[in-house]
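Here is a short report on one protein model. Keep the sequence and the 3D view side by side as you read.

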Amino acid sequence: MIAMSDYLEGKFLDHFLGTASTSAPAAVYLSLHTADPTDAGTGSEVSTSGTAYVRKAITFSAASSGSTSNSGAVEFDTATSSWGTIGWIGVWDASSGGNLLFHGALDASKTIASGDAFKVNASGITLTAA
């Protein structure tokens, strides 16, 4: 299940209750995690040091009936060393640093060793308003 982060929940409430406005980020980025990012964005993201890992831009189709999915495949570069066991994803408002917007567990964990690549197919990630 994909959940909104604490950061995004606060922005949503402020915006729609008229206490502060916010705007959409210019782009959003998919991250891979070896520990649950949690609503606070504290879980372990794959290390970028010497591994060829970087967050990848991801796009979503317009929401329909309270749901949206990624509109294209997202392919990460081939790992140059182990990334560990990927069990969670995050969607951020920046390619590094930034604010976590959404997070969730994968249906099945995937261990990424040196020489492996990670890919999310189009419509592989669904965000649903609960």
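## A loop residue

A35 is partly exposed, at a relative accessible area of 27%. Buried means under 20% relative accessible area, exposed over 50%, and partly exposed in between (1.4 Å probe, protein chains only). A35 sits in the loop between β2 and β3. Its contacts are G43, S44 and W88, leaving out residues up to four places away in sequence. Contact means heavy atoms within 4.5 Å. A35 and I86 are 51 residues apart in sequence, yet 7.8 Å apart in space, C-alpha to C-alpha.

## Source of the values

This is a predicted model: local features need pLDDT of at least 70, side-chain atom pairs count only at pLDDT 80 or more, and totals for chains, interfaces and linings use all residues. Residues are numbered from 1 along each chain as its sequence is written, and side-chain values use heavy atoms, without hydrogens and water.

## The sheet

Five strands form an open sheet, in the order β1-β7-β6-β2-β3, with antiparallel pairing. β1 (2–4) and β3 (56–58) stand at the edges with a single partner strand each, so one side of each has no neighbour in the sheet. Strands are DSSP runs (E, at least two residues), as helices are (H or I, at least four), numbered from the N terminus. Two strands pair if DSSP finds at least two bridges between them. β2 and β3 pair over three bridges, in the antiparallel sense. In this pair, L30 stands opposite K56 in β3.

## The core

The largest nonpolar core has 20 residues. Such a core is a set of buried Ala, Val, Leu, Ile, Met, Phe, Trp, Tyr and Cys residues joined through side-chain atoms within 4.5 Å. L30 and I125 are among those with the most contacts inside it.
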